[in-house]
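Thanks for making time this morning.

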Amino acid sequence: MGSDETSTVADRSAPTRAAPAPDRRYDCLDDAARLARRYLDGPGDRPVTAAAGLDELRAVLARPLPDEGEDPSAVVESLARDVEPGLVASGGPRYFGFVIGGAVPTAVAADWLVSAWDQNGGGFVASPALSVVEEVAAAWVRELLGVPASSGVGFVTGCQMANFTCLAAARHAVLRDAGWDVEAHGLHGAPRIRVLTGEYAHVTIGVACRLLGLGQLVDVVPADNQGRMRADALSEALADGADGPTIVCAQAGEINTGAFDPFLDIARLCRDHRAWLHIDGAFGLWAAASQRRHTLVAGAEQANSWATDGHKWLNVPYDCGIAIVADAQAHLAAMTSTSAYVPAHAADVPYGLDWTPEFSRRARGVTVFAALRQLGRHGLADLIDRCCDHAGLIARRLAAEPGLEIVNDVVLNQVLVRFGDDDALTDAVIERVQRDGVCWLAGSTFRGRRVMRISVVGWQTTPADAHRSADAIITAVRAAGG
Ligand SMILES: *Cc1c(COP(=O)(O)O)cnc(C)c1O
C-alpha cells in the first residue's frame with residue numbers, strides 16, 4: 001500500500017512478540033469460560049466478604065503500563081487469579097446488601113455473546129438482529145409489568161438513567177401541554193415545572209431532576225411510617241399550587257422498607273390535577289409479575305412513566321435499567337438523535353438510540369430476553385415469591401429473638417432490624433455479621449434510627465441459606481452483648 005519508506009517505518013515498529021496463530025486467537029474465551037465456571041460453581045461456603053483489602057489488591061494489580069503486549073490467555077488467567085481474593089460474592093445465595101441481584105446463567109451467557117458480537121445496539125442499521133431481540137424483550141417487559149403495549153421502552157444502564165429518561169419525557173410533555181417546546185428552547189423562559197416527590201424518594205430521582213435542570217423545584221410530600229407517600233398530603237400539596245406543569249414521582253419498593261406508595265389514590269389525584277405520574281420501581285415494580293403480590297402495584301399501571309432495573313430483581317448482569325413511557329411520542333421527542341450520517345428511518349420504526357440517552361451502546365436488552373426465556377412467566381413469579389418468602393423467614397426467626405425488633409412491615413423482600421434502642425449496638429452487630437462472612441448485609445438509617453437492612457434479590461438463595469443467615473445474625477447479636 002505505502003511507499004517503500006512507510007513500510008520501513010512499519011517494519012521497525014512491528015510487535016516483538018508473535019501474535020497467536022489464527023486458530024489460537026480466541027483460546028482466551030475458553031479460558032474465561034473455564035475460570036467463570038470455577039468461580040460460579042465454587043465452594044458455596046466461601047466467605048461472602050472480600051478476603052483481600054485495597055492495599056493487598058493494589059500491591060498485586062498495580063503495575064506499569066506494559067510496553068509490549070502479553071499473551072491473551074496469560075492476561076485472562078492472571079486477571080482472574082489476581083482479582084478473585086477481592087471479589088464480593090454479591091451474586092451468591094447469602095448476599096443481602098443494598099439491592100444487588102444475582103445473575104441467572106442464561107443472562108450471563110447471553111451477555112458474553114453480546115460482547116463477542118460487539119454490535120452497536122443503537123440501531124437497526126448497525127445491528128438488525130439484536131434490535132429485534134430488544135423489541136421482543138421490550139414487549140415482554142411491558143406485558144409482565146402490566147403497562148400499555150404502546151409504551152416506549154429504552155434499555156439504559158440502570159434505574160438512575162431510567163429515572164432520568166422518564167423524567168426527560170415528562171419534562172417534554174408537561175411543557176408541551178403548557179405551549180412550550182423544551183427540546184427547541186430549553187428551560188430559559190419556560191413555564192415553571194413543579195416536581196413533587198415522596199419524603200423517601202430514592203436519591204436518583206433528585207439526581208435526575210438536577211441533570212434535567214429541575215434541581216431546586218422539588219417539593220417533598222410527607223410519608224407515613226413505612227416510607228409511603230401520604231395521599232392526603234399529596235392532595236393538599238397539589239391543591240396548594242397552581243395547576244401548571246406538574247410532575248409527581250411515586251415509588252414502588254422503598255429502598256429500606258420495600259413499601260409501595262398508594263398508587264390508586266395518587267393516580268386519581270394526578271389525573272384530577274393533570275399532573276404527570278412517574279413511578280420509580282427499580283425493584284418493586286417486579287411484584288407485578290407475581291400472582292401473590294401484584295396487588296401491591298394496583299394502580300401503578302395508570303402512571304405515565306415507569307423506571308425499573310433488569311440488574312436487580314430480574315437477575316441479569318450489570319448494566320441494565322429499563323425506562324418505560326406510556327406516551328411514546330414524548331419519550332421519542334425527549335431522546336431522539338438525528339444526524340446527517342445516521343440513515344433516516346420511517347417515523348413508525350424508531351431506532352434503539354431514539355429511546356435512550358446513549359448514542360452507541362451495547363445491546364443490553366438481550367440479557368432481558370435470555371433471562372425471561374430461562375425463567376418463563378412462572379419462573380419469574382417464583383423468583384420474586386421465593387425472595388419475599390426468604391425475607392419473611394429471616395424476619396420471623398429474628399423477631400423470635402429477645403431484644404430484636406423488625407422495624408418494617410415485611411411486604412416484599414426487605415427487612416429492617418433493630419437491636420434494642422441503641423444505634424451503636426445495631427452497628428456493632430452489622431459489623432460482626434459482615435466480618436463473620438456467612439452472609440453480608442449493610443446498615444441504614446430509617447426515620448432517624450440505625451437499622452440492619454436485609455434485601456433478598458438473588459435466584460440462588462434457599463431456605464437453608466435464609467436459616468444459616470438468621471443463625472449468623474443471632475450469633476452476632478449474642479456475641480455483641482445484645
Ligand atoms: C437501586 C435503585 C435506584 C437506582 O438504580 P441503579 O440501577 O442503581 O441506577 C433507583 N430507585 C430505587 C428505588 C432503587 O432501589
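Which residues does Q226 touch, not counting residues up to four places away in sequence? Q226 touches E254, T257, A259, V407, N408, D409 and F446, where contact means heavy atoms within 4.5 Å.

Before I go further, a word on what we are looking at: this is a predicted model, in which local features need pLDDT of at least 70 and side-chain atom pairs count only at pLDDT 80 or more, while totals for chains, interfaces and linings use all residues. Residues are numbered from 1 along each chain as its sequence is written, and side-chain values use heavy atoms, with hydrogens and water left out.

Back to Q226, then, which sits in the loop between strand 3 (218-221) and helix 10 (231-240); helices (H or I, at least four residues) and strands (E, at least two) are DSSP runs, numbered from the N terminus. Q226 has a relative accessible area of 4% and is therefore buried, the terms being buried for under 20% relative accessible area, exposed for over 50%, and partly exposed in between, with a 1.4 Å probe and protein chains only. The side chain of Q226 also reaches the backbone nitrogen of D409 at 3.0 Å. For polar contacts in general, the cut-off is a pair of N or O atoms within 3.5 Å; within protein, one must be able to donate a hydrogen and the other to accept it, and residues adjacent in sequence count only if both atoms are side-chain atoms.

The unreviewed UniProt entry annotates K312 as "modified residue: N6-(pyridoxal phosphate)lysine"; UniProt positions are given in the numbering used here, feature names are shortened, and annotations may be inferred rather than shown by experiment. In the model, K312 is found in the loop between strand 6 (305-309) and strand 7 (321-325), and K312 counts as buried because its relative accessibility is 13%. If we leave aside its neighbours within four places in sequence, K312 is in contact with V99, G101, A282, F283 and V457.

How many residues surround the ligand? There are 14, and the closest are Q160, D280, D309, H311 and K312, a residue being near if one of its heavy atoms lies within 4 Å of the molecule. By class, this shell has four nonpolar, seven polar and three charged residues, where Ala, Val, Leu, Ile, Met, Phe, Trp, Tyr, Cys and Pro count as nonpolar, Asp, Glu, Lys and Arg as charged, and the others, Gly among them, as polar.

On the side-chain side, a ligand oxygen is 2.7 Å from an N or O atom of D309. Taken alone the ligand exposes 380 Å², of which the protein buries 85%; accessible areas come from the Shrake-Rupley method with a 1.4 Å probe, and for residues only the protein chains shown count as cover.

Now some backbone geometry. Most residues other than glycine have a negative phi, and most peptide bonds are trans. In the loop that holds K312, N315 has a positive phi, near 60°, and with a relative accessible area of 0% N315 is buried. A cis peptide bond joins Y318 and D319, with omega about -5°, and D319 too is placed in the loop between strand 6 and strand 7. D118 also has a positive phi, of about 50°, but D118 lies in the loop between helix 5 (105-117) and helix 6 (128-145) and counts as exposed, at 64% relative accessibility.

Finally, two buried helix residues. T426, in helix 14 (residues 423-436), has 0% relative accessibility and so counts as buried; beyond its neighbours within four places in sequence, T426 is in contact with V417, R418, F419, R450, V451 and M452. L175, in helix 7 (residues 159-177), is likewise buried at 0% relative accessibility, and the residues that L175 touches, not counting those up to four places away in sequence, are W180, V182, L187, A190, P191, I193 and P245.
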